[in-house]
Amino acid sequence: MALAEAFSERKPDKLRALGVVALNGMFDEMDAVGVLRQAASEILPGDLAIVSSFGADSAVLLHIVAQVDPSLPVYFLETGKHFPETLEYVETLKKHLGLRNVIALHPDAKDIARFDPNGTLWETDPDSCCHIRKTEPLDPAVAQYGGWVTGRKRFQTRERGVLPHFELTSDDRIKVNPLAYFTDADVNQYKREHGLPEHPLFAKGYKSIGCAPCTSVVAEGEDPRAGRWRGLNKKECGIHFDFNGEIARPMLGAEHNLFKDGAFIADPFRPWAEGDDAASVRYTHVPVKTFLEHREAFLANPHPLGLLVVPGDKVEDVAEDLGRFASVAVSFPAFTDGRGYSTTRLLVERYGFQGEIRAVGDVLTDQIPLMRRCGINAFVVTHQPTRQALVDGALAEVAIFYQPVGKTEVPVGTRPYLRRAR
Ligand code: SF4
């Protein structure tokens, strides 16, 4: 069956999920231009669009788009709050790259008049501001396509550390990430080699560029995204990007048990199975014991791998190889077994592990806030009330620290019995 035929109609979720796993197998080692060419011409012909912020790194993806097909639709969210330099950059790139189908999406004037008549909503309620200026205009555009292309890369955040080329989104679309394997150095080299124009604000210290009121300069060595919504507990723009990068709403995806970044999403990983080959297996959580038995073969394996740590395993035994894993699954076999918390703290605090850390096993509502404090950033959850609580955002966070973790928590004070003794 031709690829386009396989993906043209909405198949049952499971079949599409399997199809996307197969795509990653087929095109894992293909370069970025090849991945986008396959997506645009073979997998989703006429059914694929690009969303671009025309920010600091956008030129690389747009240059690849121009090579594959300059008439592919490129959507730009014209929020009405951009720097003039960004609007100028849209025109520069359109001209420089010969992009023929850049479409600006504007917020609904009635929404602006009703909810943000003074243009200051970003100060008092940035989530609502993003909602009316980004989410609402983008939703109907998204609905027209079976797939989207993003410029996200693995190196950008720990959550993106396992990003594959193709993902199934939680609303059953295919997300294509041609630059998934690009490093920071690759991006800079690509820009240099192809003489791509820089965003005019990049040289002034803006490393991640969004709307003007919500973007600031970042210091040398600071996380590039630290300049976005600085001082606010906000990281994404209300178009909720989940682990798979799609525009997603929190949902109880019946087929998905992995909860990450606010949504149940398709899981690229599977458990290690008897008969798997250490040299060629991919997207698999390998038990520590198995990894140690076949360490050389796993280290030579070029594909994304995960590690499964169960109680009794010693993280110390794999400490020097942790950088090999995009994901570590920490097992919590029973509610009463707290060894996974210690494992996680070792991974994060002693060994500085930056990738995904997911809790597997008996993962229940009361544990999740404690797991998050230790550094767990993904949860495999089958317990229905816990799934519902996650979707509803109904989990209480821990506000008072009796045993502080990491470097940011501060103990509330001496313990009550010590206070009484004074
Ligand atoms: S980034 Fe800021 S100004 Fe732009 S839509 Fe969001 S809150 Fe509003």
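Modeller: In this predicted model, the axes of helix H3 (residues 32–43) and helix H4 (residues 58–68) cross at roughly 55°, and the two helices are therefore oblique to each other. Their axes come within 9 Å, and H3 passes H4 in a right-handed crossing. On the H3 side the contact is made by Ala-32, Val-33, Leu-36, Arg-37 and Ala-40. On the H4 side the residues are Ile-64, Val-65, Gln-67 and Val-68. By class, the residues of this contact divide into seven nonpolar, one polar and one charged. An α-helix has 3.6 residues a turn, so residues three or four places apart point the same way. Val-33, Leu-36 and Ala-40 are among the H3 residues that meet H4.

H3 can also be looked at for burial. Nine of its 12 residues are buried, so H3 is largely enclosed by the rest of the structure. The buried residues include Ala-32, Val-33, Leu-36 and Ala-40, each of which also meets H4. Gly-34, Val-35, Gln-38, Ala-39 and Ile-43 of H3 are buried too.

H4 has a further helix to consider. The axes of H4 and helix H5 (residues 84–97) come within 10 Å and cross at roughly 35°, and H4 passes H5 in a right-handed crossing. Here H4 contributes Ala-59, Leu-62, His-63 and Ala-66, while H5 contributes Tyr-89, Leu-93 and Leu-97. The contact of H4 with H5 has six nonpolar residues, one polar residue and no charged residues.

Thr-86 is found in helix H5, and at 1% relative accessibility it counts as buried. Leaving aside its neighbours within four places in sequence, Thr-86 is in contact with Ser-53, Phe-54, Phe-76, His-199 and Ile-209. The C-alpha atoms of Thr-86 and Leu-201 are separated by 8.2 Å, although these residues are 115 residues apart along the chain.

Next come the sheets. Leu-48 has Gly-147 in E4 as its bridge partner.

The other sheet to describe is open as well, with eight strands in the order E8-E7-E14-E13-E12-E11-E10-E9 and mixed pairing. Strand E8 (263–265) and strand E9 (270–271) are at the edges, and each has a single partner strand, so one side of each is left without a neighbour in the sheet. Strand E7 (residues 258–260) and strand E14 (residues 378–380) run antiparallel and are joined by two bridges, with Leu-258 opposite Val-380 in E14. Helix H12 (residues 339–350) packs on this sheet and touches E11, E12 and strand E13 (356–361). The direction of H12 makes about 155° with that of E12.

Strand E11 (residues 305–309) is mostly covered, since four of its five residues are buried. Strand E10 (residues 284–287) pairs with E11 in the parallel sense over three bridges, and His-285 stands opposite Gly-306 in E11. E11 and strand E12 (residues 325–332) also run parallel, joined by five bridges. There, Val-309 has Val-330 in E12 as its bridge partner.

As for the whole protein, there are 15 helices and 14 strands. Of its 422 residues, 48% count as buried. Among contacts with a separation of 6 or more, residues 24 or more positions apart account for 60%.

Terms used:
Residues numbered from 1 in each chain as written. Predicted model: local features only at pLDDT ≥ 70, side-chain atom pairs only at ≥ 80, totals over all residues. Heavy atoms only, no water. Axes fitted to C-alpha atoms, helices over the stretch in contact; angles between N-to-C directions. Parallel < 35°, antiparallel > 145°, perpendicular 65-115°, else oblique. Left-handed = near helix turned anticlockwise from the far one by under 90°. Contact = heavy atoms within 4.5 Å. Nonpolar A, V, L, I, M, F, W, Y, C, P; charged D, E, K, R; others polar. Pairing = 2+ DSSP bridges. Buried < 20%, exposed > 50% of the residue type's maximum accessible area, 1.4 Å probe, protein only.
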